[in-house]
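Work through the exercises below with the sequence and the model open. Each task is followed by a solution in steps.

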Amino acid sequence: MAGCAALILAGGSGSRFGGERPKQYLPLAGIAVLRRAANAFVAHSDVDYVRVVHRPEDRDLYDAAFANAALMPPAEGGATRQESARLGLESLRDLKPDKVLIHDGARPFADAGLIGRVIDALDRYPAAVPALPVNDTIKCAADDGMGLIAASTHP
């Protein structure tokens, strides 16, 4: 087999976000954030396989979010994002995809254009990372309390 596979990483606990439920399973306009993230890849004509990599303890949340979904069975993730990515890649071994996209399941707004540009870049380069312009002012505080402000030059 060949083609393009997408791994949607959803192994985080969402502890920085707070709350009882990991943020990737919270509803966004009635649909779990993770399902919205995966749907963009399922709907893309150049993506042949979509697999979510999740925390084993979140299986019930996964099952509720993906009832009747048209994607591959999930893979269990590891203790770190890196380990989850590795386990997800290993789960695709038998498929032997030509391209693998790895996406953060807590990011529900990837669109077809972004996905397509990454796939196209993989025709020319061995790896690609999408980047979007920052449209906001970014403020950071240093350890000494001094601030750094970077304003975007993009409209």
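**Exercise 1.** What percentage of the 155 residues of the protein count as buried?

*Solution.* This is a predicted model, in which local features need pLDDT of at least 70 and side-chain atom pairs count only at pLDDT 80 or more, while totals for chains, interfaces and linings use all residues. Residues are numbered from 1 along each chain as its sequence is written, and side-chain values use heavy atoms, with hydrogens and water left out. Buried means under 20% relative accessible area, exposed over 50%, and partly exposed in between (1.4 Å probe, protein chains only). By that cut-off, 38% of the 155 residues are buried.

**Exercise 2.** List the order of helices and strands along the sequence.

*Solution.* Helices (H or I, at least four residues) and strands (E, at least two) are DSSP runs, numbered from the N terminus. The protein has 4 helices and 8 strands. Their order is β-β-β-α-β-α-β-α-β-α-β-β.

**Exercise 3.** Why is H1 described as largely enclosed by the rest of the structure?

*Solution.* First list the buried residues of H1: Val-33, Leu-34, Arg-35, Ala-37, Ala-38, Ala-40 and Phe-41. That is 7 of the 10 residues of H1, so the helix is largely enclosed by the rest of the structure.

**Exercise 4.** Which residues does Leu-101 touch, not counting residues up to four places away in sequence?

*Solution.* Contact means heavy atoms within 4.5 Å. Leu-101 touches Cys-4, Ala-5, Ala-6, Leu-7, Phe-41, Val-47, Ile-115, Val-118, Ile-119 and Leu-122. For the protein, residues 24 or more positions apart account for 57% of the contacts with a separation of 6 or more.

**Exercise 5.** Which element supplies the largest share of the lining of the largest pocket?

*Solution.* S6 supplies the largest share of that lining, 6 residues.
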